[in-house]
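Hello,

The structure we talked about is below. My notes on it follow.

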Amino acid sequence: MKRTRPFAAAPSAAFTRRGFLGFAGGVAATTLLTACSSGPSGSSASSGGTTTIKIVEYQQARADIMKKLIPQFEKDMAAQGKKIKVDLIADILTDAQFKTKITQQFHSGTAPDLIDTGATNIAGYAGAGYLLELDDALHEWSGWKTFYPTVKKVMKQPDGHYYAIPHEASVQSLFYRKDVLESMGISTSQPKTWDELIGRLKKVTVKTGEPSIVIPAGTAWGGGTWSEGFLPIVAGTGSTFYDAKTGKWKVESKGLTATFELYSELVDNKLLPVQDLLNPNPWEPTKYVDFVKGTLPVSAQGTWGWRYDWGPDGAAPIKDVQEKVATWDYPSLIDGTEPYSVGGGGYVYAVNAKSKSPDAAIAFAQWLASGKPLARQLVKTGAAAPRSGISGIEPYKSEPTLLDAEAKLKTSVPAPVGDGADQVSQAVQDATEKILTGDANGKQAAKSFAADAASLLGNSLVAQ
Amino acid sequence: MSTTIAFESREETERTQGSRSPGPHRGLAPFVVVQRTLQYILIVLLALFCLIPFAWLVLSAVDAHAGPTVQMPTLSLDNFVRFFTSADTPRLLVNSLIISVGATALNLALGMIGAYALSRFRFRGRTTFMFAILLVRVIPPPATIVALYLMLVQMHLDDSYLGLILVEAAASLPVTLWLLKGTVDAVPQDVEEAAWMDGCSRLGGMRRVIFPLMGPGLGAAAMLTFMSVWGDFLTPLVLLQSPDLYPLSIGLFRAFSAFNQVDWGVLAASAVIYMVPPAVLYMVLRKYLLKSSLGGALKG
Amino acid sequence: MTTLSVPSARKRRRLQRRGLLPLLLGPSVLLIALFVIAPAVYSLYLGFTNTQLTGFAARDPKFVGIDNYTYLLSSPDFLGSLGRTGVFVLFSAIIGQTVLGMLAALLLSRKWMRGKGLFGAAVLLPMVVPEVVASLAWASVLSPRADGTLNRLIDLLGAQPVAWLQAAPMVCIIVVNVWRGIAFAMIMFQAALEDVPEELIEASRIDGASARQVFTNVTLPLIRGPVFLYLLLTTITTVGVFGLVYFLTQGGPGSSTQLVSIYIFEHAFEYSQIGLGSAASVVLLVVLLVLGLTYVRLAKVEV
């Protein structure tokens, strides 16, 4: 007996007339559905008098404090007769992940109105035209006058304009475990030179058998290798790295070579945790485990270490951190220089150039960078105030380490920022990586860095 | 793909032994026994190698206190419950489904009519076309993802279901077209012509006669496309930025790389859930993958 | 073939054909052209520019000729990633998957073997699970902790726990990729083995050939074609592997597992250097093309 339609069973119903139409309809419906709901679009909307602006936070602590501050802002605005609503987008990511993502969003025009990110990232976004120029807004703002000159200097972009409002200032120093060093009988006075410090570090390593200092290096640490590791060291060498007047980078200098040689010396003496630095998320085993345990007692760190990393609500809390941890300025590397700390950006608020409600966004950023809201953020994340007049406001008033850092701002050395910083950062990461893997010594790394940076930056940004 | 069929049917048509045994005595020579045991051991080792990595996934998924390594589980379905009741994880599953089903549906729809045209219409450049799209499949995704991203941004299709679905559907079209063309080729013209005699239009013939007979081919194409889209990692990683749109592949990656906050149990449960739909699809389509005869299609 | 003549109907068909073809094939062609071919061509173009997504250069992408290519071909980093990809393909696809896949195919073609369905399913599982799940499963096996699966196994041999992904990263990803690809090889070889006529094997057996000799002198030559096809397909797939490795190592430690696919991703999306990333993509394509042609040549020579 011949079967006429072997596949006439139920599942083939899809291919009968009705089935086919239903099938095609399904496809069409899915397509329509997805076209309509194509994900949340970037910036603000205005309806019925209420302006809504969006801000994105990618670190948990910052998202937490922002959640608390937003209702206060909305109330304050309402009291002034302005109806503004703020939507917080909390997407917890690493710095590198955020950078990738926000760049894509800026590029496709779907970025939120406000972003909160490290000052070193601003150059790249501003250069590409993603951020709103804030010169006029800042000029008209009475608060801007109270910001410290060093902070303002860092904020000025190579084209002479301002594109972000800082709400933190941090001082980059060497954090160390006072309790651990004292128990080992090692001096905790400010080391004058790196040689002196290396001498102490060697003693520690002999005692513990472990590396004794962590300075961000290599590609796994990403931008941190540049901003927290390399830059502070080279900033104190006295060599010009970036010439703001000409807008060019000097990719070969005594200071650069000395810095690379320092890394090399640390690696050769087994003072740096090389294996950890090569693995993904290198800050975890080093800063969050070994520094906390005390087996790695020295860490290059910014002010936020007090709260964000090792504070009671931090990623890796240290009990009684204020007593156990203290800071040194960076020792001098080159003869004739003095120990120093590096003052720099902390996080800043920047406005999307394509924001539909720029005024509201700017108003929010300014509110956040003033008075009590600012004080609360500083204590939450651990940063010094970028402006005067905050030191008397609670809860900031009761944080001696943060007030200390603020005082240091006046004497700290500014870190060079300029267009092409991202490319230089990449070259630094690659060059220090070579030192970590043993593929190059200090001089070779300096040479390879110079060649790499020059080709990445292109002729227009390199001083000849 | 006939190869899958070959594997299955081999099992069903296991031939009897007997003529191979050397010598007149019953049973097998000791040498052969040793040889066969060795081969059994080999295949067992191979199977174990393939299965052991899954041990952690399965055990941790049902473990109330799962860690990053294999341990005796405290049996509980809590992880699954937490997956479905938490705020953001069910969304991952829904997104994966939307993207995969959408892409597969689109891919099959276009593939069916395209394959019909390729099979039934003789046109200049047909062979070139067939080989061209085969060549196209040679291109590895990382090589085009950068340009693709820029293009989608310009078309305003980035960070959207639609954009991703179109890209995924397009990527699987070459294979689908080849497969389905083969399926349509196997349907003799007579069947269609018979329908035309009955007054069907060309399109009607296509729908009424060809489509119902494409079962196994469609099953295979659906299976391949769905699995390829379902497991895709790079494309959604680059093309999507909103967490609301993340499929399970990206969700699992983000969860895995979070420090100190990895909930291993839920992660394992999510992975198990992630494995389920393709398996279900395979079960459903198995019959179609096996059916290979069109002999009875022609009315006697 | 029935030939009832209804000439006008036939003619209608032929006329209809011209209209139908674009309608039926058009959408597919459009989709493929737009989302598969266009990006490849666009990549070619982008590779000649200095397109970036951040920095002042982003506002005004310029044509820079072959600068990107000269940078890449003299960059130890990129050349290193090419080398690593080559090693990865050689050991996981060409050697590992082929050998184990052939082994599995041969073993499972033994008529006397029981439980073939079960064994087959076990071997199939690594291939059918999503990439990310495969990586996650291996993450626990390769865990540096003392109770990680692999460490537990070597503990039985009295060895100390090892941080596998740190100590031997390339070996690890090669093993994982082999694990993933055995099934595909097995399937292809099973089909090929089936086509080898039983009589030939019987005949050579009767002539006194050992199993090994039968395999090398009878079977192997006959399945050369499918084997080369398999090698071609798996090389292409392996070169395109991204998620499997990225999930486990993100290219690290350092850049020891940075394959070309990861290099492209990092440079284009983490460093926002679209031009450079595209140039690297083009180099990858060229390498694949050369490999593909080589395979085809070799296959032709043998067959």
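Helices here are DSSP runs of H or I with at least four residues, numbered from the N terminus. In that numbering, A:Pro395 sits in the loop of chain A that runs between helix 15 (371-381) and helix 16 (400-409). Please keep in mind that this is a predicted model.

Chain A

The peptide bond between A:Glu394 and A:Pro395 is cis, with omega at about -5 degrees.

Chain B

Chain B splits into two domains: domain 1 takes in 54-85 + 258-292, and domain 2 covers 91-248. Their C-alpha centres are 29 Å apart. Where the two meet, 12 residues of domain 1 of chain B contact 11 residues of domain 2 of chain B. On the domain 1 side of chain B, the residues that touch domain 2 comprise 9 nonpolar, 2 polar and 1 charged.

One residue of chain B has a backbone angle to look at. B:Asp159 has a phi near 55 degrees, which is a positive value in a residue other than glycine. B:Asp159 belongs to the loop that links helix 6 (141-154) and helix 7 (161-185) of chain B. Is B:Asp159 buried or exposed? A residue counts as buried if 20 or more other C-beta atoms lie within 10 Å of its own. B:Asp159 has 25 other C-beta atoms within 10 Å, so B:Asp159 is buried.

Chain C

Chain C has 14 helices and 0 strands, and its pattern along the sequence is α-α-α-α-α-α-α-α-α-α-α-α-α-α. The radius of gyration of chain C is 25 Å, while the globule rule gives 19 Å for 303 residues; the value for chain C is well over that, so the chain is more spread out than a compact globule. The C-alpha trace of chain C spans about 85 × 75 × 35 Å along its principal axes.

Of the 303 residues in chain C, 46% are buried. Taking contacts in chain C between residues at least 6 apart in sequence, 68% join residues at least 24 apart.

Chain C also holds a residue with a positive phi that is not glycine: C:Gln250, with a value near 50 degrees. C:Gln250 lies in the loop between helix 12 (243-249) and helix 13 (260-270) of chain C. C:Gln250 counts as buried because 20 C-beta neighbours lie inside 10 Å.

Regards

How values were computed
Residues are numbered from 1 along each chain as its sequence is written. Chains are lettered from A and ligands numbered from 1 in the order in which they are written. This is a predicted model: local features need pLDDT of at least 70, side-chain atom pairs count only at pLDDT 80 or more; totals for chains, interfaces and linings use all residues. Domain bounds come from an automatic or database domain assignment. Two residues are in contact if their C-beta atoms, placed from the backbone, lie within 7 Å. Ala, Val, Leu, Ile, Met, Phe, Trp, Tyr, Cys and Pro count as nonpolar, Asp, Glu, Lys and Arg as charged, and the others, Gly among them, as polar. Helices (H or I, at least four residues) and strands (E, at least two) are DSSP runs, numbered from the N terminus. A residue is buried if 20 or more other C-beta atoms lie within 10 Å of its own, exposed if 12 or fewer, and partly exposed in between; C-beta atoms are placed from the backbone. The radius of gyration is taken over C-alpha atoms; the globule rule is 2.2 Å times the number of residues to the power 0.38.
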